[in-house]
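Let's take a walk through this protein, starting with how it divides up and then zooming in on one part of it. Keep the viewer open as you read.

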Amino acid sequence: MKQPDLQIVVDQIADEMAQQSERGVVADYIPTLASVSPSHFGMTIIDHDGNCYMSGDADVAFSIQSISKVFSLTMALGFVGDGLWSRVGREPSGSAFNSIVQLEWEQGIPRNPFINAGAIVVADILLGRYEPREILGEFLRFMHTVTGDDTITIDEAVAKSENETGFRNRALANYMRAYGNIENTVERNLGVYFHLCSLSMSCHQLASAGRYLMCGGRRAPGTSDTIISQQRAKRILALMMMCGHYDGSGEFAYRVGLPGKSGVGGGILAIAPGIASIAVWFPGLNSQGNSQLGSNALERLVELTGWSVFRTDQ
Ligand SMILES: NC(=O)CC[C@H](N)C(=O)O
């Protein structure tokens with residue numbers, strides 16, 4: 001398939017999405033997110049060579065929420081290596097992002113690091129080495145390094161709002177603590193978890209952050225600018241494909257066919273391995289808590305470019 005002009009592609013997708021009336025529903029269980037307008041849209045593609053194609057509100061920062069689980073996992077694997085997998089599984093959950101049911105059958109071991117329970121354990125692992133403020137500083141530095149952009153910050157108002165209404169996350173953390181899979185106090189742990197989720201980034205910044213996953217662990221191809229090993233990058237992409245959209249992961253793989261990670265802020269980071277890092281933002285969510293138009297936009301992208309990892313016609 002001949003590669004189309006990517007600027008024409010992002011502009012065309014923006015036009016098509018603007019005409020769709022089914023926009024999903026903005027998350028309201030975190031009160032500060034409820035006031036975000038569902039009419040926002042943004043899209044950025046950064047290709048292998050670093051060329052950037054943007055449309056809409058691609059430079060407007062939004063709450064990346066669970067997309068941060070990709071970056072906190074990357075950091076935690078850097079701290080403790082594959083020992084992390086004794087505390088978190090690597091299987092799709094088939095359940096909602098904030099579900100508690102499997103934890104009882106599975107002795108407090110979450111199915112994967114991309115559901116809330118799994119990311120709460122990952123936050124606990126990060127805290128194993130640092131005080132809360134220190135680890136959040138380390139996390140921000142990591143994000144500044146992978147993006148090359150030191151303006152990225154945590155939105156304190158979102159973190160506070162999550163803290164005030166995070167009853168389900170408290171239930172998850174307490175439940176896992178009862179099984180000995182959370183070592184820190186629940187408040188100390190969730191203080192970090194909520195701040196990780198409250199990272200504010202634009203599509204442009206998010207697509208930049210995904211470059212190390214697109215380029216086999218390097219920030220730029222053909223350089224020694226290595227963030228993680230090639231094998232680890234490949235494995236994180238596998239987890240994104242299988243678990244990045246919770247109980248909508250199968251549907252996303254079927255329709256889009258790219259490793260992706262969504263967040264309830266309406267963002268999705270998708271990676272076409274070796275080809276492009278893509279970020280979209282449409283705040284309205286579908287019933288699984290994944291961006292409704294973001295999924296549609298990525299489906300159109302792979303139709304127009306042939307970037308699905310499952311294509312067989314190269
Ligand atoms: N799916 C999400 O983005 C959920 C993240 C959100 N901070 C929560 O803990 O509920």
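This is a predicted model: local features need pLDDT of at least 70, side-chain atom pairs count only at pLDDT 80 or more; totals for chains, interfaces and linings use all residues.

Where the two touch, 32 residues come from domain 1 and 33 residues from domain 2.

Look at the domain 1 side of that contact. Helices H2 (31-34), H10 (203-209) and H12 (230-243), along with strands S6 (260-262) and S7 (267-272), each put in at least two residues. H12 gives the most, with six residues. Sorted by class, this side of domain 1 has 18 nonpolar, ten polar and four charged residues.

Now pick out S7. Is this strand enclosed or open? Six of the six residues of S7 are buried, so the strand is largely enclosed by the rest of the structure. Gly-267, Leu-269 and Ile-271 point one way, while Ile-268, Ala-270 and Ala-272 point the other way, and all are buried.

S7 also has strand partners. With S6 it runs antiparallel, joined by three bridges; Ser-262, for instance, has Ile-268 of S7 as its bridge partner. S6 and S7 form a hairpin with four residues between them, and Gly-266 in that turn has a positive phi of about 95°.

Then there's S8 (residues 276-281), which is antiparallel to S7 and linked to it by six bridges. Here Leu-269 has Ala-279 of S8 as its bridge partner. S7 and S8 form a hairpin too, with three residues between them, and Gly-274 in the turn has a positive phi of about 75°.

How values were computed
Residues are numbered from 1 along each chain as its sequence is written. Two residues are in contact if their C-beta atoms, placed from the backbone, lie within 7 Å. Ala, Val, Leu, Ile, Met, Phe, Trp, Tyr, Cys and Pro count as nonpolar, Asp, Glu, Lys and Arg as charged, and the others, Gly among them, as polar. A residue is buried if 20 or more other C-beta atoms lie within 10 Å of its own, exposed if 12 or fewer, and partly exposed in between; C-beta atoms are placed from the backbone. Two strands pair if DSSP finds at least two bridges between them.
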